Amino acid sequence: MKHRKAQINAFDFILASSISVIILVLVASTFYLYERKINEFVLYNDLSTKAFQVSDVLIKSKGIPSNWNSTNVNVIGLASKDRVIDADKLNNFINLNQQEIKDKMATNYDIYFNLTNLTGKSIASIGNPPAGIRSVVIKRYVIYKNEEA
């Protein structure tokens, strides 16, 4: 009879250990899943914040220097005044390459800029339209050549 009790205790130990391992695996996988979701959320918030900041600087700022061109620009700004786009600055902007824009706007993210009129006709664009799973669209209304865009 004593041997049988030892076998039952061993069986109980194996069963309890198995249940503990299963619970531990479930908890670890749930933690991993939520960690990934939180990281995606943080990345999306960072991307959204940076996109809004870049759009804000582009449409509200004259840039540095205020009469910048492609050879002397420190900070890109397209405005002649708040939300009024200067045609010369827009032309200078679309002649910059993606790396120059990223450097001057202090971002690691690729930028796609598309200025359209209210009917949706494209006036100017630079960069490649977003093709990845992580992209943020910021729409802002401005004045360009005395018309809303």
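This is a predicted model: local features need pLDDT of at least 70, side-chain atom pairs count only at pLDDT 80 or more; totals for chains, interfaces and linings use all residues.
## An exposed alanine

At 56% relative accessibility, A106 counts as exposed (that takes over 50% relative accessible area with a 1.4 Å probe and protein chains only; buried is under 20%, and partly exposed is in between). A106 sits in the loop between α3 (98-104) and β3 (113-116). Its phi is near 55°, a positive value in a residue other than glycine.

Residues are numbered from 1 along each chain as its sequence is written, and side-chain values use heavy atoms, with hydrogens and water left out.

You'll find R83 in the loop between β1 and β2 (84-85), where it is partly exposed at 32% relative accessible area.

Now go to the loop between α1 (2-60) and β1 (79-81), which holds P65. The peptide bond from I64 to P65 is cis, with omega near -10°. G77 is in the loop between α1 and β1 too, and G77 is buried, with a relative accessible area of 0%. From G77 to S66 it's 11 residues in sequence and 8.0 Å in space, C-alpha to C-alpha.

Back in the loop between α3 and β3, look for Y109. Y109 is partly exposed, at 25% relative accessible area.

## Helix α2 and its buried side

Which residues of helix α2 (residues 87-94) are buried? They are K89, L90 and F93. These residues cover an arc of only 100° around the axis, so they end up on the same side of α2; the arc is taken from the directions from the helix axis to the C-beta atoms. An α-helix has 3.6 residues a turn, so residues three or four places apart point the same way.

At the start of α2, a side-chain oxygen of D86 comes within 3.0 Å of the backbone nitrogen of D88.

F93 lies in helix α2 and F113 in strand β3, so the pair ties together parts that are 20 residues apart in sequence.

## The largest pocket

The largest pocket holds about 1,100 Å³ of space. Its lining has 36 residues, and Y112, F113, V136, V137 and I138 lie nearest its centre. A pocket is an open set of points on a 1 Å grid over the protein atoms alone, where a 1.4 Å probe fits, with protein on both sides within 12 Å along at least five of seven lines; lining residues have an atom within 4 Å of a point. The volume is the space filled by probe spheres set on the points, which are joined across faces, edges and corners.

The largest share of the lining, 7 residues, comes from α1. By class, the lining has 21 nonpolar, 10 polar and 5 charged residues. Ala, Val, Leu, Ile, Met, Phe, Trp, Tyr, Cys and Pro count as nonpolar, Asp, Glu, Lys and Arg as charged, and the others, Gly among them, as polar.

Conventions
Helices (H or I, at least four residues) and strands (E, at least two) are DSSP runs, numbered from the N terminus. A polar contact is a pair of N or O atoms within 3.5 Å; within protein, one must be able to donate a hydrogen and the other to accept it, and residues adjacent in sequence count only if both atoms are side-chain atoms.
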